[in-house]
Amino acid sequence: MSWLLNLYETYESNLDRVGVPEKKHDGREYTLLPISHTTQNAQIEVEITEQGDFHSAKVLDKDDFSTLIPCTEKSASRAGSVVAPYPLHDKLSYVAGDFVAYGGKIKKEEPFAAYIQQLEGWANSKYATPKLKSIYLYLSKRRLIKDLVDESILHLDEDQKLISKWDKKYERSPGEKPRIFTAVPGELESAFIRFNVYSPDKALTKVWQDTELYDSFIGYYSQLLGEEDICYVTGKQLPSTDKHANKIRNSGDKAKLISANDTSGFTFRGRFAHSHEAASISYEVSQKAHNALKWLIHRQGKIMDNRVFLVWGNDATNVPRLTDNDNIFAMGFGIESSRPTAIKSHTNEELAFDLAKALTGYRNKLTVKADSKANVNILVLDSATTGRMAVLYYRNLDKKLYFDRLIDWHTKCAWLHRYQKDEQGELLQFWGAPATKDIAFAAYGPKANDKLVKGLMERMLPCIVDNRTIPQDIVRSATHRASNPVAMDKWEWEKTLSITCALINTREGYNVGLDEENTDRSYLFGRLLAIADVLERNALERSGQDKEKKRSTNAIRYMSVFSQHPERTWRTIQNALQPHQAKYGQSLNYYSIMIDEVASKIPFDQFNNEPLTGKYLLGFYSQRYKLYHNTDKKKHGASAAETNDSQDDNTSA
């Protein structure tokens, strides 16, 4: 129950945001819902005068569908043919008193009768508002469909019956189709109607945004709740509920986190006689916790193939997410210039210091209340069926521990990357850990399906939160792909290579800067491969054979087989270099001397065909990085322009 308690406390900490519309980056609105309220997509808006008469109506645009409406326990979870009206806004078959008169079909009881009876109780209570009374007065006249037909919103056939589904035979001119049939997904009786009150003298708040009306229904409905019971979340004696909210991920989501329907057959496997014996949750806590969860998902959740990854703080909702690196960099660290720079001693220790300094400052800003719980919650949700949702992963961490783990991850899994772009489309060079989604694409390729990607993202969470080792199959798969550059475009291979180096580096703790004292066999072979690649690249550019930089060097073409049979493949690569060395002689001596120096460090008994470990990629990356960023012309025998051009080619997207 701890996740429910933390969501409930988050709601209580953000009461000032209740009912306040907020917008996503794509312009869609969302809000922290009041209790006893939910959202629905409305297709028709009907305006009523303050005197209770029809004023106007319109078909809504798709961007304006979302509507905040009051709801009861039954209406929030209604399904099938069960008649359970919403208190105010609802489907046409519920709110139209003349629905049956115009040919509307009903199965058992008339929905309007239940709807108007429920609305009457609210409108005649001490909690009623003037707007509510105006809407009730109009709907009591039972003429909604007639008014909508007169307004050309709805249409009748030759028998003066409501046209439920549009057919070409109703067209008066070719291509004519009323907007309502495009807006409503299905037959017309399922069209959702929302009501508003119009005044010619003053500007009135829209009914679905009126906080006075929110409070009106909450006050009225609170006196109708069921019996009190012990709430397992708060431990208090409160009115309980066995009907919990759906629409958690979006307005069409039917999956519930808490539900019970085993009233026959196995009957709770003989452990309980009633569902509330397993878990009794109060109505208020259920409403507030679920509404807080919906709000957080809209606000900062990451959804991958319906799987939700959510991180939030009890005292302050915005905290850096574990699965991304975007918001880490947005806090002002990790981004380097997009231009190549000479980095001589940028170590993991320096990165850890910068990262810790930035995160510590950010962490201190999150403390809003001195007495509040400085905790961070990590929650993963998914549904196997349309009706059931489960908590796949949940952790509640002390804020300091969370940031320490975040610093540790972005330090251990740090490498130099060049695959992100800024607003101008220019490549950014940054230090840090790759996002888990990018790790998935590095391991499984850009065509990996969402199921595979979300599975990897979930598997990576314990590696970040609990300091566990990255699963070996992920590292192995990424290493295999990074060793096969000819199967990818250059930009994709460069991205895969840097991400793979980051994964391997979590175990090794190397720096991007070249470690010339490292005598590991795989690391040295990787250095040899990088020198051969740069040597041949320079030779090809000098000869004019590679003006467009599309031709791969032999080192790149043989990279995959080199990782499996280094000694045999190195002889092939070195033989291919000899014509270039003979042709350009002294200008390429620097590379030849370096090859001799690196090769001499490999012990005689280790210069064999035993497969290389992933460390060879670290040696390859670091050696190539140093060569491309060394501007000493005397050593290189190559112009700075040539080395910069080669680097730009390797990092182009």
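**Reading burial, pairing and contacts in a predicted model**

Modeller: Strand 8 (residues 192-198) is a mostly covered element, with six of its seven residues buried. Please bear in mind throughout that this is a predicted model.

Biologist: Which strand pairs with strand 8 in the parallel sense, and over how many bridges?

Modeller: Pairing is read from the bridges between two strands. Here strand 4 (residues 44-49) runs parallel to strand 8, with six bridges joining them. Within that pairing, Thr49 has Tyr198 of strand 8 as its bridge partner.

Biologist: Which strand pairs with strand 8 in the antiparallel sense?

Modeller: That is strand 7 (residues 90-91), which is joined to strand 8 by two bridges. Lys91 is the residue opposite Phe192 of strand 8.

Biologist: Let us turn to Val95. Is Val95 buried or exposed?

Modeller: A residue counts as buried when its relative accessible area is under 20%. Val95 is buried because its relative accessibility is 0%. The residue belongs to helix 3 (residues 92-95).

Biologist: What is Val95 in contact with, leaving aside its neighbours within four places in sequence?

Modeller: Its contacts include Leu88, Asp90, Phe112, Leu139 and Leu144, together with Ile193 and Phe195. Tyr115 is another of these contacts; it lies 20 residues from Val95 along the chain, yet their C-alpha atoms are 6.8 Å apart.

Biologist: How many disulfides does the model contain?

Modeller: A disulfide requires two cysteine sulfur atoms within 2.5 Å, and the count by this rule is zero. For Cys413, the nearest cysteine sulfur is that of Cys463, at 9.3 Å, and Cys413 is in no disulfide. Cys463 is likewise in no disulfide, its nearest cysteine sulfur being that of Cys413.

Biologist: Are Cys413 and Cys463 buried or exposed?

Modeller: Cys413 is buried, with a relative accessible area of 0%. Cys463 also counts as buried, at 3% relative accessibility.

Conventions. Residues are numbered from 1 along each chain as its sequence is written. This is a predicted model: local features need pLDDT of at least 70, side-chain atom pairs count only at pLDDT 80 or more; totals for chains, interfaces and linings use all residues. Side-chain values use heavy atoms; hydrogens and water are left out. Helices (H or I, at least four residues) and strands (E, at least two) are DSSP runs, numbered from the N terminus. Buried means under 20% relative accessible area, exposed over 50%, partly exposed in between (1.4 Å probe, protein chains only). Contact means heavy atoms within 4.5 Å.
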